[in-house]
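Hi,

Here is the structure I said I'd pass on. Have a look at it first, then read on for what turned up.

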Protein chains: 2
Amino acid sequence: MPNPVFAPIGLLETPWASPADCPRNGRQPNPLPECRAVVEERWRQGLQGLEGFSHLILLYWLNQAPPARLSFTPPFDDQPRGVFATRAPFRPNPIGLSVVRFLGFGAPGVLLVENLDCVNGTPLLDIKPYLASTDCEPGATMGWLEQHRTR
Amino acid sequence: MPNPVFAPIGLLETPWASPADCPRNGRQPNPLPECRAVVEERWRQGLQGLEGFSHLILLYWLNQAPPARLSFTPPFDDQPRGVFATRAPFRPNPIGLSVVRFLGFGAPGVLLVENLDCVNGTPLLDIKPYLASTDCEPGATMGWLEQHRTR
């Protein structure tokens with residue numbers, strides 16, 4: 001099978017200088033910091049019509065993640081879990097995903113957002129509108145993570 | 001900025017042989033077909049602990065998508081929209097995302113799921129547990145797509 005070739009479309013600006021500084025998830029900091037998704041000029045035409053969406057899905061490259069580990073014991077747990085049953089960054093394909101609140105444009109190509117948890121300078125791969133009709137599952141059960149649920 | 005190097009971890013099996021056969025989204029078919037995410041053997045240890053999650057997020061490579069178009073008029077709309085304000089496949093980085101219902105394992109490494117809308121044989125990039133605590137935004141507004149909301 002051939003491999004996909006992707007290229008960052010911009011950068012994420014957050015308050016966290018290193019992975020060790022990052023919160024466990026983007027809804028833990030109180031107050032929530034305002035973060036920025038800065039899209040390169042050549043891609044900005046693709047942002048047309050984003051106004052009016054209250055939430056977006058950002059996909060980004062976890063380029064500072066350690067090499068993939070298929071199984072590990074999370075710091076807040078007592079037994080090994082497969083990496084696909086976690087949101088840990090050291091995945092075979094280190095693509096991060098955050099559902100963010102979209103506060104509007106701070107400047108052309110600059111999206112103001114809340115709920116990010118990644119390190120400053122993280123390369124942005126994609127922006128998708130969050131659709132409550134297909135992305136929202138309020139009754140979803142959380143398996144082994146249920147007991148560690150935040151918020 | 002360097003480019004990420006990703007590699008598929010498996011394949012998605014769906015009833016749709018070509019992009020033209022695919023439904024508009026994974027919740028439109030009635031009844032919903034059972035689809036399969038088949039993970040290569042070398043990555044299967046990473047699936048440990050996935051039982052108990054009712055929903056997963058699958059990321060996949062839209063390898064049959066046409067070249068990226070930054071702006072286009074959707075078939076069900078009357079004016080141009082930026083690609084990042086849509087879920088269209090012809091994105092700068094063609095990574096597809098589906099929130100799927102996880103029905104369990106059909107065999108080792110074979111996940112039975114509902115709600116996929118991609119073509120049969122689509123390369124799988126990542127599996128994440130869906131977390132209602134951070135991924136669910138029932139009140140999210142859908143901008144220009146509100147009037148075209150499905151289900």
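A quick word on terms before the fold: helices and strands here are DSSP runs, a helix being H or I over at least four residues and a strand being E over at least two, with numbering from the N terminus. Read that way, the elements of chain A go β-β-β-β-β-β-β-β-α from the N terminus on. That comes to 1 helix and 8 strands in chain A. Please keep in mind that this is a predicted model.

**The single chain**

Along the principal axes, the C-alpha atoms of chain A fill a box of roughly 45 × 35 × 30 Å. Buried residues account for 44% of the 151 residues in chain A. As for contacts in chain A between residues at least 6 apart in sequence, 72% of them link residues at least 24 apart.

**The barrel**

In chain A, 6 strands close into a barrel, in the order β1-β2-β7-β6-β3-β8, with antiparallel pairing. From one strand to the next, the twist averages 45 degrees.

One of the pairings in chain A is β6(A) with β7 (residues 110-114), which run antiparallel and are joined by 5 bridges. Within that pairing, A:Phe105 has A:Leu111 of β7(A) as its bridge partner.

**How the two copies sit together**

The contact takes 66 residues from chain A and 66 residues from chain B. On the side of chain A that touches chain B, the elements giving two or more residues are β3 (55-61), β5 (81-82), β6 (95-107), β8 (122-129) and α1 (132-135). The most comes from β8(A), with 6 residues. Sorted by class, that side of chain A has 36 nonpolar, 19 polar and 11 charged residues. And 100% of the interface residues of chain A are also interface residues in chain B, so the copies meet through the same surface.

**One loop residue**

Last, B:Pro67, which sits in the loop between β3 (55-61) and β4 (71-72) of chain B. Is B:Pro67 buried or exposed? B:Pro67 counts as exposed, because there are 7 C-beta neighbours inside 10 Å and the cut-off for exposed is 12 or fewer. B:Pro67 and B:Pro92 lie 25 residues apart in sequence and 7.9 Å apart in space, C-alpha to C-alpha.

Cheers

Note on methods:
Residues numbered from 1 in each chain as written. Chains lettered and ligands numbered in written order. Predicted model: local features only at pLDDT ≥ 70, side-chain atom pairs only at ≥ 80, totals over all residues. Contact = placed C-beta atoms within 7 Å. Nonpolar A, V, L, I, M, F, W, Y, C, P; charged D, E, K, R; others polar. Pairing = 2+ DSSP bridges. Axes fitted to C-alpha atoms, helices over the stretch in contact; angles between N-to-C directions. Buried ≥ 20, exposed ≤ 12 C-beta atoms within 10 Å, placed from the backbone.
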